[in-house]
Amino acid sequence: MIRDTFAAALKDAMKAREPRRLSTIRLVQAAVKDRDIANRGVGKDPVSDEEILQILAKMIKQREESASIYDQAGRAELAEHEREEIIIIKGFMPEEIPQEKVRAILEGVIAETDASGLRDMGKVMAVLKERYPGQIDFGKASGLIKELLK
């Protein structure tokens, strides 16, 4: 389970006295706990590993946007801080599938779901998100899906 990985990484960061890694792992755990609490409020189960990967992907995207804004504002030290956090968070994500293989996967899913036009894009994306959470950049994948469904 990914939660166990976070706990072990937190302990390792404490022992190694790595403050940046330690604070980033705590941020991740806090985000997961927040989602657990939100789910509990509506009678859902605690977040699954798949949902945790979605949380991590969202955190990475937020930090990429922040780093870009800091670069534009001339705050290189803050942008570097965000990039270091991205590297730490990506360490908990599964290996990203190369773009060449993504195209083959998309073609397979399109054939499997009998998608024939852009109106079927949602079906294809749903299957991808279920099978490959954190392994595919869904922003790039949606562009490819549009191209393949035309």
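Reader: Which domains does the domain assignment of the chain give?

Author: This is a predicted model. Its chain has a domain assignment with two entries, domain 1 (2-91) and domain 2 (99-149).

Reader: Where does Leu10 lie, and is Leu10 buried or exposed?

Author: Leu10 sits in helix α1, which covers residues 2-16. Its relative accessible area is 13%. The cut-off for burial is under 20%. Because 13% falls under that cut-off, Leu10 is buried.

Reader: Which residues does Leu10 touch, not counting residues up to four places away in sequence?

Author: Set aside the residues up to four places away from Leu10. What remains in contact with Leu10 is Leu22, Ile25, Arg26 and Gln29.

Reader: How far apart in space are Leu10 and Arg21, C-alpha to C-alpha?

Author: In sequence, 11 residues separate Leu10 and Arg21. In space, their C-alpha atoms are apart by 8.0 Å.

Reader: Is Asp36 buried or exposed?

Author: Asp36 belongs to helix α2, residues 19-41. Its relative accessibility is 13%. Burial requires a value under 20%, so Asp36 counts as buried.

Reader: Which side chain joins that of Asp36 in a polar contact of 2.8 Å?

Author: Leaving aside neighbours within four places in sequence, Asp36 is in contact with Arg3, Pro46 and Val47. A polar contact of 2.8 Å links the Asp36 side chain to that of Arg3.

Reader: What span does helix α5 reach from its first C-alpha to its last?

Author: Helix α5 runs over residues 99-113, a total of 15 residues. At 1.5 Å a residue, 21 Å is expected. The model comes close to this, with a reach of 21 Å.

Reader: Why are the buried residues of α5 on the same side, and what arc do they cover?

Author: The buried residues of α5 are Val102, Ile105, Leu106, Val109, Ile110 and Thr113. They lie on the same side of α5 because the arc they cover around the axis is only 135°.

Reader: Which helices do the buried residues of α5 pack against?

Author: Among these buried residues are Ile105 and Val109. The buried residues of α5 have as packing partners α6 (121-131) and α7 (138-149).

Reader: Which residue takes a positive phi just after α5?

Author: The phi in question is about 55°. The residue that takes this positive phi, just after α5, is Asp114.

Conventions:
Residues numbered from 1 in each chain as written. Predicted model: local features only at pLDDT ≥ 70, side-chain atom pairs only at ≥ 80, totals over all residues. Heavy atoms only, no water. Helix = DSSP H or I, 4+ residues; strand = E, 2+ residues; numbered from the N terminus. Buried < 20%, exposed > 50% of the residue type's maximum accessible area, 1.4 Å probe, protein only. Polar contact = N/O pair within 3.5 Å; in protein donor to acceptor, adjacent residues only side chain to side chain. Contact = heavy atoms within 4.5 Å. Expected span 1.5 Å × (residues − 1). Arc of directions from axis to C-beta. Domains from an automatic or database assignment.
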